[in-house]
Amino acid sequence: MKFGQVEDPSKIDFTLPKDHPKTKKILSHNKKGLENISIGCAKWNKTDLKGFYPKGTKDELTYYSTQFNSIELNATFYGMPTPEQVHTWKEKTPKDFKFFPKITNTVSHFRRLIDVTEPVTQFATSVMQFDEKLGMVFLQLHDNFKPKDYDRLEKFVKDWPKEVPLAIELRNTEWFTNEEILDTTCELFEEHNITNIIVDTAGRRDMLHMRLTTPTAFIRYVGANAESDYERLDDWLDHLTKWKKEGLQNLYFFVHQNIEKASPLLSAYLIKKMNEEWKTDFHIPKMATESTGTLF
């Protein structure tokens with residue numbers, strides 16, 4: 001993932017900002033405690049995750065799903081999934097595995113939320129074949145989709161099929177730099193139970209808004225292939241611990257890298273640290289070269 005890549009990560013202040021004032025209130029609405037944790041990568045193919053798979057691995061998704069409990073499914077962004085394809089993916093994974101498919105670019109980038117009832121219906125119909133393995137669908141809007149197009153976003157949110165959980169990633173800086181626009185948009189999301197995605201990447205610190213709109217934290221973390229990547233994850237775990245105490249219900253955390261082969265390393269690091277601090281017992285992904293070892 002090249003989004004937000006910078007030439008020299010050492011010059012970036014990676015400090016996590018303070019929470020938006022309304023985040024604590026959103027979390028306080030949840031009285032059930034933390035129910036779901038999904039941590040994974042954004043891809044499962046050998047080319048991107050070079051060195052992750054043992055020699056002779058026949059099916060990458062099948063193996064990936066023995067190491068992680070979820071996947072950010074970007075393949076669905078580039079082509080409309082069919083129910084048959086979704087069923088195939090579903091059958092290759094364990095019963096507790098979750099998919100987080102990205103809405104096809106026909107909706108977000110080509111039609112730009114105009115006249116999208118048909119492709120949205122087609123997409124939703126397909127991904128619902130994941131059944132209990134559907135984590136959350138997410139919409140990633142184009143960098144140049146701006147608040148002037150708010151009416152399109154509002155209609156999309158209101159028309160979205162409520163039975164399919166949805167998160168939205170806004171990328172244009174104008175959504176974040178104007179407080180009134182941010183408040184209006186987040187209130188729309190709150191009203192319709194839409195999760196506001198948080199992106200942590202070096203070159204776009206404005207997207208690190210820390211404004212939750214549901215008791216779900218959907219975080220897309222982009223490492224910089226630098227030592228600071230691990231310190232940043234430590235900071236995130238501290239912050240997530242705070243949210244957990246305040247009422248976090250679902251945590252969805254997906255790791256990207258400028259060079260993706262390091263993604264499993266970072267994901268495994270976070271899982272290991274979480275197990276230690278939260279007393280959870282998630283499987284720590286294993287090294288490709290040593291069946292009894294782990295990535296840490």
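Predicted model: local features only at pLDDT ≥ 70, side-chain atom pairs only at ≥ 80, totals over all residues.
Buried means under 20% relative accessible area, exposed over 50%, and partly exposed in between (1.4 Å probe, protein chains only). Helices (H or I, at least four residues) and strands (E, at least two) are DSSP runs, numbered from the N terminus.

Phe253 is in contact (heavy atoms within 4.5 Å) with Ser38, Ile39, Gly40, Ile219, Tyr221, Leu233, Trp236, Leu240 and Leu270, leaving aside neighbours within four places in sequence.

## Basis of the model

Residues are numbered from 1 along each chain as its sequence is written, and side-chain values use heavy atoms, without hydrogens and water. Local features need pLDDT of at least 70 and side-chain atom pairs count only at pLDDT 80 or more, while totals for chains, interfaces and linings use all residues.

Helix H2 (residues 60-67) has Leu61, Tyr63, Tyr64, Ser65 and Gln67 as its buried residues. They pack against strand S1 (36-41), strand S2 (70-73), helix H4 (83-91) and strand S3 (98-101). At the start of H2, a side-chain oxygen of Asp59 comes to within 3.3 Å of the backbone nitrogen of Leu61.

Pro94 sits in the loop between H4 and S3. Its relative accessibility is 32%, so Pro94 counts as partly exposed. Beyond four places in sequence, Pro94 touches Ser65 and Lys133. Pro94 and Thr62 are 32 residues apart in sequence, yet 8.6 Å apart in space, C-alpha to C-alpha.

## Ser108

Ser108 belongs to helix H5 (residues 105-110). Ser108 counts as buried because its relative accessibility is 0%. Residues up to four places away aside, Ser108 touches Phe77, Ile103, Leu113, Leu139, Gln140 and Leu141. The Ser108 side chain also makes a polar contact with the side chain of His109, at 2.7 Å. A polar contact is a pair of N or O atoms within 3.5 Å; within protein, one must be able to donate a hydrogen and the other to accept it, and residues adjacent in sequence count only if both atoms are side-chain atoms.
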